[in-house]
Amino acid sequence: MKDIKHLSKEEKMRLLCGKDGWSTVDFDGKIPQIRVSDGPVGLRKTIQDENGNNVDKKSVAYPAIQCLANTWNRAYAKRMGETIADDCLENDVDILLAPGVNIKRDPLCGRNFEYFSEDPFLAGSLSYEYIKGLQSQGIGACLKHYYCNNLEQNRFEQSSDVDERTLREIYLKPFEMASKAKPISVMCSYNRINGVYASENKKGFAILRNEFGFDGAVISDWDSVRDRTKAAKAGLDLEMPFNQKNYDKFVTDCENGKITDEEIDACAERVMGLVYRCKEMQKGKKPKTSQEERLRFAREIAEEGIVLLKNEGVLPLKKGDSVAICGEFAAPGNEGMVSGGGSSKVAWLHKPYNLPDLLNELGYRVFYSPVFWAKGLFSGGNNAKTAFENAAGCDISIICVGTGQEIESEGFDRDGMRLPRIQEEMILQTAEYNPNTVVILFSGAAVDMRAWKDKVAAILFAGFAGEGMGSALADILAGIVNPSGKLAETFPLCLEDCPSYGKFRTPCVSRYEEGLDVGYRYYNTYNVPVAYPFGYGLSYSRFAYKNLEIKIKEDGVLVRYTIENISDIDGKEISQIYVQAISPYVYRPKYELKEYSKNLILAGQEKRIEIFLEKDAFAYYSTAADCWTIDDGYYKILVGASSQDIRLNSVIVIENGRLKINAKI
């Protein structure tokens, strides 16, 4: 029975509210039931243990979305969706509450590890692939959090006050791009947008459905509905979880004529459509991968998502090197030390990795001392004295530092960008005893490195890379794997340099005064120095760019260029295409990411890269015309190894709306 005509009015209203915390009503089998579970970095399914306590079932812990984004690998994003779908199929889950595409406006946001990027194009393109992969295997996606949920502080009430153009170009753009993958559901956020709760934002839902082409159901974030009637009238279809107080008022409002039958029917039809679409998608679907295959792939993502930020010739390690390692992040006592907290936290299948043991197995002589955890020192046998003596006596010193769920989590924001004081002190003192010190950083977002960046020989940004990260790190350190990750977010020098810093903010309101100048758009436009720019990452290989060729097509521009591997090591290079409007009629950031490519290039060989830029790569959102607009004028196409390492460029002209080549300024 797919038609809501067979439901009574009371049943229609009940359909719009969850049965419990994780499933929809089925009216005692009258219609199918669907079950949802948390994501996006693995399945977080709540079950009851033998004592009746709610616990998270163990599942494959994939790298955080932050790490997936650092791969810049569309194929991996799609495959990650496919493999997590297999976990869902085995656990009777119909919808995974993922992915999250909120922009990393502020580096202190407690959930940044769950989000892709500060850049809407990168976030949108990777989330598109993730959704495609997930739904191809019969599991529904729930794109979230719609929209402008960029802080955790007072997220239930905070109003994100943003101008229309910034909304369209930055904060709504990844939702627009991801909607092209046809996700079956979208989750609204908790916060207000320009004073209106996201669950009641009729304008936002109209944009989603009428402009972005979304044809699924809108689901509330858990307990984000304040007034069920207002939310339903705005277009929110399913409230989760069930809330008796909200439901009782909903019924009373209906009796008093505050909501029409047509408005209830519109929501009920979409929820009914969601239920049956889930069941149709799953028909004939079975897991394609074994648990071991999923674990291996989780490790592959980590290998490509770990970013080499600095290397003064100490990496990879040389055969026979003696290695001192300190910091409990090298062998964490629990997964919470190297993952973010909250609804996306996955209970790992296996015990956390042990990096000293892994390097021992690869033939290195390793001397390990835990010394410290995230916020404090250990006492007893393995103390700081031992760590310093190990560092002084070994060829290479590795210090593992970071944050974990106590510092980065859903529900609160970080207090600052610096590592805990004890960690900074240990880095500085260790580097004093051994100039060949390597820092491995386990965190979910950018860290202020001013105190120690210039004092160490190498820095690896591991992020929160899941349960395969220990093996991935060992292989990168040993040179078995050539690092190929690049940053999906800028690492500023300090918090005070961030474009969101110092802008108007109270517990109730955040004004997005920086407008379009988010992340690299700000740093590049205003020439603000950074520690490491957006799109940056080193390799054991070296690459040269040459022979840029631009060819005009009817609906865009074909960009061709050559990358040569000028080293004796096979490697993958991420090249990025930015577009700059020259002397535009309205303000535009210096240049913006519009495409990218990741390619394996063998040692001593070259590869011809071909990328098509659609015409909308030159557009901006005109608030005067209330639409996307492409102005006539000159545009520079830039090809770079990062947002601040532009290697090639060429100029085109748009005249009377038509693209032309070989323009001269």
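Contact here means heavy atoms within 4.5 Å. Helices (H or I, at least four residues) and strands (E, at least two) are DSSP runs, numbered from the N terminus. The model is predicted: local features need pLDDT of at least 70, side-chain atom pairs count only at pLDDT 80 or more, and totals for chains, interfaces and linings use all residues. Residues are numbered from 1 along each chain as its sequence is written, and side-chain values use heavy atoms, with hydrogens and water left out.

Start with a helix pair. Ala-384, Ala-387, Phe-388, Ala-391 and Ala-392 in α13 touch Met-426, Gln-429, Thr-430 and Tyr-433 in α14. Seven residues of this contact are nonpolar, two are polar and none is charged. In this scheme Ala, Val, Leu, Ile, Met, Phe, Trp, Tyr, Cys and Pro are nonpolar; Asp, Glu, Lys and Arg are charged; the others, Gly among them, are polar. Helix α13 spans residues 384-393 and α14 spans 421-433. They pack at an angle of about 40°, with their axes 8 Å apart. Axes are lines fitted to C-alpha atoms, for helices over the stretch in contact, and angles run from 0 to 180 degrees between N-to-C directions. The crossing of α13 and α14 is right-handed.

Now the strands. Two strands pair if DSSP finds at least two bridges between them. Strand β21 (residues 556-565) and β24 are joined by nine bridges in the antiparallel sense. Along the way, Ile-563 stands opposite Lys-607 in β24. In a regular strand the side chains alternate between the two faces of the sheet.

Move on to β22, residues 571-582. Ten of its twelve residues are buried, so the strand is mostly covered. Buried means under 20% relative accessible area, exposed means over 50%, and partly exposed lies in between (1.4 Å probe, protein chains only). β22 runs antiparallel to strand β23 (residues 592-601), with nine bridges between them. Here Ile-574 stands opposite Lys-598 in β23. β22 also pairs with strand β27 (residues 633-642), again in the antiparallel sense, over seven bridges. Val-579 has Ile-637 in β27 as its bridge partner.

Another open sheet has four strands in the order β9-β8-β6-β18, with mixed pairing. β9 and β18 (509-511) are the edge strands, and each pairs on one side only. β8 and β9 run antiparallel and are joined by two bridges. Ile-193 stands opposite Val-196 in β9.

Most residues other than glycine have a negative phi, and most peptide bonds are trans. Asn-194 has a positive phi, near 50°. Asn-194 sits in the loop between β8 (192-193) and β9 (196-197). With 41% relative accessibility, Asn-194 counts as partly exposed. Asp-28 also has a positive phi, about 55°, although it is not a glycine. Its loop lies between α1 (9-15) and β1 (36-38). Asp-28 is exposed, at a relative accessible area of 83%.

Two peptide bonds are worth a look. A cis bond joins Ala-98 and Pro-99, with omega about 0°. Pro-99 lies in the loop between β4 (95-97) and α4 (120-136). A cis bond also joins Tyr-146 and Tyr-147, with omega about 0°. Tyr-147 belongs to the loop between β5 (140-146) and β6 (159-161).

Last, the cysteines. How many disulfides are there? The count is zero, where a disulfide is a pair of cysteine sulfur atoms within 2.5 Å. For Cys-88, the closest cysteine sulfur is that of Cys-278, 11 Å away, too far for a bond. Cys-88 is buried, at 0% relative accessibility. For Cys-278, the closest cysteine sulfur is in Cys-142, and 10 Å is too far for a bond. Cys-278 also counts as buried, at 2% relative accessibility.

Definitions and conventions. Left-handed = near helix turned anticlockwise from the far one by under 90°.
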